[in-house]
Amino acid sequence: LRAFGASRRRDTCALWTGSSPGGDRPRCKSDLLGAVCYPPTGFVPAVLLNGWQAPWTIMPDSSRYGPSAGTGVRVWRVRFGQTGSSMPSDCGAERICEVPVTGFAVDCSAHGEPFCVIFWPELGTLLTSGSENRVRLEVSLFGLRGPQSELSFFYEVAPFRQDFLDACLHTEAMKLQESSLADASLWRNGTGLPDLAPIRRAHTLPSGPEPVKLKPLLQPVFPPGDSFEVEGVDMLLTVHGPVSAVRAELYIVRLSGDDDVVPRGTQATRMRGDHFLLRLKLPMPRAKYELRIWPEPNEDLTPPLRFGICLSAKAAPHTTALLTSLDDSSVNKFGYAPVTAAMQAHAVVLLAPLMYRIPIGATCYFLIYVDKEAALVARSTIGHAASGVQDFGPLADAGGTGVEQAAAATAANNNSNNNNTNNNSNNNNNAAKDRFPSRCTLLAQRLLPSQGVRPQQSDAPRASTEFDQGNQLQVVQRQVIRQLGPYIQDSTGDIHLDLSLNNGKCVRRLPERPGMPGFFEGLVTFHQSDVGTRVKLLLRTRDDAENYMPRLLCEWMVCRDAQADLLPKGFC
């Protein structure tokens, strides 16, 4: 590679490579490279291999090497050791066993470098277990035409941060085990609660001397009553109801009758079986609280489920106040990380970090669980209900004739009867999709402007219409697509979780943990310059490709460490 560049705009990434500008230049060491490999030779972080599912590539210098009918790849497990030379850097590789190779292919297309070898090493049961997770490999590419008929490459795949990730996962698992989540009373179906089904209530109440009061759609599971005393500032509570999400707010009840909401005093998590787990944090031990829980969305305007909460007379005098009042300077970083209704509706469970405040210095561990099947069903349901975007088919095929097809579809609509305009348009769109398979959604759907209907022709001169402006834009897009179309592709995967860092200036994708489907994790270290910035968790699914609509799930704020803030125990 002589030059490399990268840029990102929302969910579209642009990568470009090429030779250095200018003509003659002195030769450098990069000119002597026999091949460019991915993963790169030498030490390889195991995270780059995506659980050994990522393809391996070797790209020999096409000006010096070429493929032959006998080109192939062989892979061995090796053991590195000293060769007996006086130079400590000299070492040899002892072959232990051969590794099977699948998916071998040689790409000689005219796009990019004209010679690329692709393959997948199948380690399978050959992977070591226990504490020894390093894998040392030798890859031999043979059957070449050029100065050498064989090239050898050596790799050492090591989980550089996997031990730390495992320790963080173990810590979070122990926290869950030590909490009250294992208490069966949290998940019992109440005291003989019936199986609930969605109930549609009319907004207009029947007339009569006594108006009928709507009952809360949610019902308590634990604690079963509507008021109770607690022994500390943290507590867990579960409710049950036929809804996809709930909205919970914690209020301080004043003697004057006024209610003040506690910012981020509660956090709701959707569990299986129409159960919702609510975490509460009480900032002032001597105050009285009321928890109110609404279904979300609350289209029927059902009243909230209410719980009266206070600390017991025995525990209140010995409990440290987390806030002196709601006007305390620390209230802006108090409480749990706020979660949205979309997070509950898409069956996403936040496991770490739970608190709104993320301290700097120490590495922050993010752990999220997603029920993929439920998330895709919810996204499809929400997408169909909210979709208002008309699909006119792909813009271009391999020859770049999608614009002519769109124009033909528009002409067919103009010649049809007004009552059948929509049907004809849909038929033309389906035909366009069949004749011109899209390479990616960016070209096939998202760059296509809304097409207007061309007004009937008239001899009188007319001004430029919105249709003409859209058609001109399509011409520009057509020229761009002809040049860039073969180089654009969609990313794979059904579920993507992104962390938006530094108020959206940086976006980082959370990888799925190998061997644990649905668990997404990542490590992020925040610096002093990040204090005061927001961290957001975003969800993208395969249905979001047509219109870039990431769903906001959760939000945190980066703060100074606890010692610098002098926060009381139990605040974090």
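Predicted model: local features only at pLDDT ≥ 70, side-chain atom pairs only at ≥ 80, totals over all residues.
Residues are numbered from 1 along each chain as its sequence is written, and side-chain values use heavy atoms, leaving out hydrogens and water.

Me: What makes a residue part of the lining of the second largest pocket?
Reply: Lining residues have an atom within 4 Å of a point of the pocket, which is an open set on a 1 Å grid over the protein atoms alone where a 1.4 Å probe fits, with protein on both sides within 12 Å along at least five of seven lines. Here 31 residues line the pocket, and Glu172, Lys175, Leu354, Met355 and Cys572 lie nearest its centre.

Me: How many residues of each class are in that lining?
Reply: There are 19 nonpolar, 5 polar and 7 charged ones. Nonpolar covers Ala, Val, Leu, Ile, Met, Phe, Trp, Tyr, Cys and Pro; charged covers Asp, Glu, Lys and Arg; the others, Gly among them, are polar.

Me: Why is Asn502 called partly exposed?
Reply: Its relative accessibility is 28%, and buried means under 20%, exposed over 50%, partly exposed in between (1.4 Å probe, protein chains only). So Asn502 counts as partly exposed.

Me: What is the phi of Asn502?
Reply: About 55°, positive although Asn502 is not a glycine. Asn503 has a positive phi too, near 60°.
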